[in-house]
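User: I would like to go through this fold with you, one question at a time.
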Amino acid sequence: MNDDDAINLSRNLSNDHISLSAQAAQTVPGLLDAELGELEQITYFELARLMERASRRFSGLIRAELTRLRVDDLGPAQAMILLAIGDSELSVAELLDRGHYVGSNVSYYLKQLADGDYIDRVASQRDKRSARIKLTEKGRQLRANLRDAAMIYERAVNRSDQDQRMLETAFETLHQLELAWGSFTVRRPSGE
């Protein structure tokens with residue numbers, strides 16, 4: 001994405017910000033009432049639904065960026081794995097821990113990434129059944145391109161200290177929910 005594209009994106013986001021309240025009100029029941037001072041309680045279920053929709057939108061953004069980069073052999077899930085691997089050399093188990101992926105999906109995605117020459121899979125010296133994964137030069141270049149695009153999008157959305165504080169608060173809240181929901185599924189007795 002060049003500077004002109006970033007400027008256009010920023011303008012579009014500014015124009016979209018004006019109608020964001022109306023769109024959000026359609027998406028989250030009670031939000032327009034909240035703006036009018038009659039806050040209806042937003043539940044964790046509604047938050048989970050919003051997170052899922054936001055994740056799909058983010059996948060669409062990654063898909064569009066891959067198209068712009070003329071990468072047609074990968075999808076958003078594989079791109080996210082490239083970003084999760086980063087500069088590290090790690091095992092499949094470590095990758096699973098980093099991304100909370102389903103194991104069978106990761107095996108499929110890693111095969112696609114290896115076939116496309118985005119990653120190297122090297123058998124472990126100690127245990128030939130396990131492999132270490134790292135990005136190839138092609139994978140590092142795509143990761144760099146995706147990170148550059150992410151920075152442009154972030155600059156277009158995050159324009160002030162208040163935006164940054166809101167992002168940090170959202171991250172902390174979602175992280176707390178992740179921990180709480182994860183521990184609750186382990187601790188909750190059956191039948192409740």
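User: Which residues have the most contacts inside the largest nonpolar core?

Analyst: This is a predicted model, in which local features need pLDDT of at least 70, side-chain atom pairs count only at pLDDT 80 or more, and totals for chains, interfaces and linings use all residues. Residues are numbered from 1 along each chain as its sequence is written, and side-chain values use heavy atoms, with hydrogens and water left out. A nonpolar core here is a set of buried Ala, Val, Leu, Ile, Met, Phe, Trp, Tyr and Cys residues joined through side-chain atoms within 4.5 Å, buried being under 20% relative accessible area with a 1.4 Å probe, protein chains only. The largest such core has 21 residues, and those with the most contacts inside it are L82, L95, L110, L113, I119 and L142.

User: Which helix gives the most to this core?

Analyst: Helices are DSSP runs of H or I with at least four residues, and strands are runs of E with at least two, numbered from the N terminus. At least two core residues come from each of α3 (44–68), α4, α6 (103–115), β3 (131–135) and α7. With 5 residues, the one that gives the most is α4.

User: At what angle do α4 and α7 pack?

Analyst: Axes are lines fitted to C-alpha atoms, for helices over the stretch in contact, and angles run from 0 to 180 degrees between N-to-C directions. The axes of α4 (residues 76–85) and α7 (residues 137–157) are 10 Å apart, and the helices pack at an angle of about 100 degrees.

User: What is the bridge partner of A123 in β3?

Analyst: The strands β2 and β3 run antiparallel and are joined by 5 bridges. In β3, the partner of A123 is A131.

Conventions
Buried means under 20% relative accessible area, exposed over 50%, partly exposed in between (1.4 Å probe, protein chains only). Two strands pair if DSSP finds at least two bridges between them.
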